[in-house]
Amino acid sequence: MTAAADEDWAAEVDEQERQISGEVDKLTLSNTSTTKPTEEKQANTEEDNEQAKATDLADASFLMKVLRSKLVKTKNEVEVQRNDPSSPLHSVKSFEELPLSEQLRRGVYDMGFNKPSKIQETALPMLLADPPNNMIAQSQSGTGKTAAFVLSMLSRVDATKNYPQVICISPTYELALQTGQVAEKMGKFCPEVKIGYAVRGERVSRGQKVTDHIIFATPGTLLDWILRNRALDPKKIKMFVLDEADVMIAQQGHQDQSIRIHKTLPKDCQMLLFSATYDDDVMKFAKTVVPDPIIIRLRREEESLDNIKQYYVVCRDKEDKFQALSNMYGVVSIGQCIVFCHTRKAASWLAEKMTADGHSVALLSGEITVEQRLAVLNRFREGKEKLLITTNVSARGIDVEQVTVVINYDMPVEPTGKPDFETYLHRIGRTGRFGKSGIAVNFVDGQRSMAIMKKIEEHFGKKITLLQADDVDELEKLGN
């Protein structure tokens, strides 16, 4: 890649990070068609990068919860770490074995949970035990962790006492509402249990006492309710749940607020922390707020690449990449195709070019609301558009049986510039679903992306074959 191309690539990444800076609780509400990316060359500050990371994480996490609203069957193994390894470890194979009220059990079955998931089998006996256990749990979306802690929250409430007894904090308004909706559904046969929200738009006056039993909240609003408005007595809280901890610590303010809330709680309050990742920063934070925890980790089930044919196409520049995509789309018999770009700017540019060429294109990026994104995905699932152009926001959780081709228009890289192996796995895993064969094509436009592609090939031990995108005969073979 030339020095000029290098500068363009770096500028484009900078451009994206400037666009997505902002409060993590204030997700962008503007539609893609009316939002123009700024062209100003501003220097990124550390705060911009931090907020950009937080917004992306929160956005992706919420989208994942919505996309994977049903219990996902996995073969994941559960690891449990305890202070006393000799203590017997109980697990259950049915909800009947748990100390739950009949109303709660009805709520669980009504939501379609016929039997506990892997993490629920292990976590629920510990969460529901008396005396209560503190817990740190790591697992991906779709494993049933939200249902596990919501069930525990509902079971801890004494409905005869009209004050908050359980609080759950999430990093964003959307995530708090999403988790609260799970509790409302699960508790539908327990009308005596009142659920409330301490999020933006919900106001309490000074001295007004909240009577809801369970509060779903964002950190800043809840802290105001406790310290400024004295709307609830934190010393009466029996269970404190901190969800999406990895998203929470991506923004320093939320991390500090969470710790301040934690300090107001009684020492015998049951503390639970959940996170999708399990790195050093998360564990340092987790151990700050959860004393003497049982630690549960869910080993992730690796996606197989055996039924996915992988290719790469050498391109000179972005126009050459566009031509290669047009050639492929014009020749290969494609059911539906997902194209991954590195930045929103690149995705918008490509969508405009493909639309101008007469293709029916769906565009999915972080500039539109989650509701708008879900509408785009539903149209794509229904086959109303055959081509979905997106950023990493769609790398996980989209199961569309008709997707036969995934194109990495830009190779996935970490912020440091190193190959992002996990994102590559999830991207190309969007094809080859349901045991069918799939095709993944990587566009390589210089030495840097070639080096990234070679490292990915080496990492997974799977051959990535050169494809001539201007050779019609070769492209036709690809579709067979």
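Predicted model: local features only at pLDDT ≥ 70, side-chain atom pairs only at ≥ 80, totals over all residues.

Biologist: Which residue of strand S13 side of things, Val405 included, stands opposite Ile439?

Modeller: Strand S13 (residues 403-408) pairs with S14 in the parallel sense over 4 bridges. Opposite Ile439 in S14 stands Val405.

Biologist: And over how many bridges do S9 and S14 pair?

Modeller: Strand S9 covers residues 308-314 and runs in the parallel sense with S14. The number of bridges between S9 and S14 is 7.

Biologist: How many of the residues of S14 are buried?

Modeller: Gly438, Ala440, Asn442 and Val444 point one way from S14, and all are buried. Ile439, Val441 and Phe443 point the other way, and they are buried too. For strand S14 (residues 438-444), then, the count of buried residues is 7 of 7.

Biologist: Is Asp320 buried or exposed?

Modeller: You'll find Asp320 in helix H11 (residues 318-331). Leaving aside its neighbours within four places in sequence, Asp320 is in contact with Val314 and Cys315. Its relative accessible area is 17%, and the cut-off is under 20%, so Asp320 counts as buried.

Biologist: What separates the C-alpha atoms of Asp320 and Phe443?

Modeller: Phe443 is one of the buried residues of S14. Asp320 and Phe443 are 123 residues apart along the chain.

Biologist: Let's move to H7. Which elements do the buried residues of H7 pack against?

Modeller: Helix H7 spans residues 219-228, and its buried residues are Pro219, Thr221, Leu222, Leu223, Trp225 and Ile226. Just after H7, Arg230 takes a positive phi of about 50°. The buried residues of H7 pack against strands S3 (166-169), S4 (195-198) and S5 (214-217), along with helices H8 (245-248) and H9.

Biologist: How do H9 and H10 lie, roughly parallel or roughly antiparallel?

Modeller: The axes of H9 (residues 252-263) and H10 (residues 280-289) come within 10 Å and cross at roughly 20°. Angles under 35 degrees count as roughly parallel, so H9 and H10 are roughly parallel.

Biologist: Which residues of H10 do the H9 residues meet?

Modeller: By class, the contact of H9 with H10 has 3 nonpolar, 4 polar and no charged residues. From H9 come Gln255, Ser258, Ile259 and His262. In H10 they meet Phe285, Thr288 and Val289.

Biologist: Last one: what share of the residues in the protein is buried?

Modeller: The protein has 16 helices and 15 strands. Among contacts between residues at least 6 apart in sequence, 78% join residues at least 24 apart. Of the 480 residues, the buried share is 52%.

Key. Residues numbered from 1 in each chain as written. Heavy atoms only, no water. Axes fitted to C-alpha atoms, helices over the stretch in contact; angles between N-to-C directions. Helix = DSSP H or I, 4+ residues; strand = E, 2+ residues; numbered from the N terminus. Parallel < 35°, antiparallel > 145°, perpendicular 65-115°, else oblique. Contact = heavy atoms within 4.5 Å. Nonpolar A, V, L, I, M, F, W, Y, C, P; charged D, E, K, R; others polar. Buried < 20%, exposed > 50% of the residue type's maximum accessible area, 1.4 Å probe, protein only. Pairing = 2+ DSSP bridges.
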